[in-house]
Amino acid sequence: MPTQSTGNSPISQAVIWGLALGTMKSAPAERREFPRYSFTGTFEATEPNSETRINGRTADLSEGGCYADTMSPFPAGTAVKVRISKENRSFESQATVVYAAAGMGMGLRFESIDPQQLANLRRWLGELRGESPAEVEPDQEKPRVCAGPQSKCVLNELIGELMRKGILDDSMGKKMLQRLA
């Protein structure tokens, strides 16, 4: 049966006794370098040695990391490869599990983000901040000049665009571009 807010609940008593005994700790100082934004996307983390894969969804996102809701998180300190996807776009990075709560999820810090992947992440974050596409992508690439046959140029451009949008992962895209060369 729910209790009414009379100050006599076990939690209220713990707070009162904690204050009376001087045992309450102040909230820790914010240590995050980047602001976090509420963001829900599909999440996949893979531990490279065992190839163990965990799926879930993100709850928030920043340039420095994310929080993933998952029932069976990796332990803190685990190095993983992360893939976050939403609406035919994705972001991949190496990451380290900073903290984990069994049955709830884990906080991750992104490590060594590839420049193209960082651009993808910054596009999402810009959209979450409400920036216009022009503000999100200020350094648009200039059109490339291709010296080969027209069909080869079109394929190069198509593969590059699919990689930029996160539809085609970088390793597969690079393999395809090498085959076209």
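**Close-up views of a predicted protein model**

**View 1. Strands S2 and S5.** Five bridges join S2 to S5, and the two strands run antiparallel; strands count as paired if DSSP finds at least two bridges between them. Threonine 42 stands opposite serine 85 in S5. This is a predicted model, in which local features need pLDDT of at least 70 and side-chain atom pairs count only at pLDDT 80 or more, while totals for chains, interfaces and linings use all residues. Residues are numbered from 1 along each chain as its sequence is written, and side-chain values use heavy atoms, with hydrogens and water left out.

**View 2. The whole chain.** The protein has five helices and seven strands, where helices (H or I, at least four residues) and strands (E, at least two) are DSSP runs numbered from the N terminus. Their order from the N terminus is α-β-β-β-β-β-β-β-α-α-α-α. Of the 181 residues, 30% count as buried, that is, under 20% relative accessible area with a 1.4 Å probe, protein chains only.

**View 3. The hairpin of S2 and S3.** S2 and S3 pair in the antiparallel sense over six bridges. Threonine 46 has arginine 53 in S3 as its bridge partner. Four residues lie between the strands of this hairpin, and glutamate 51 takes a positive phi near 60 degrees.

**View 4. The largest nonpolar core.** A nonpolar core is a set of buried Ala, Val, Leu, Ile, Met, Phe, Trp, Tyr and Cys residues joined through side-chain atoms within 4.5 Å. The largest one has 22 residues, and those with the most contacts inside it are Phe43, Leu61, Val82, Ile84, Leu108 and Phe110. Elements giving two or more residues to this core include strand S4 (65-69), strand S7 (105-111) and helix H2 (115-129). H2 supplies the largest share, four residues. Not counting residues up to four places away in sequence, valine 82 touches Phe43, Glu44, Ala45, Phe91, Glu92, Ser93, Ala95, Leu108 and Phe110; contact means heavy atoms within 4.5 Å.

**View 5. Threonine 96 in strand S6.** Threonine 96 is found in strand S6 (residues 89-101). Threonine 96 counts as buried because its relative accessibility is 17%. Its side chain makes a polar contact with the side chain of glutamate 111 (3.0 Å). Such a contact is a pair of N or O atoms within 3.5 Å; within protein, one must be able to donate a hydrogen and the other to accept it, and residues adjacent in sequence count only if both atoms are side-chain atoms. Leaving aside neighbours within four places in sequence, threonine 96 is in contact with residues including Gly77, Thr78 and Arg109.

Notes:
Buried means under 20% relative accessible area, exposed over 50%, partly exposed in between (1.4 Å probe, protein chains only).
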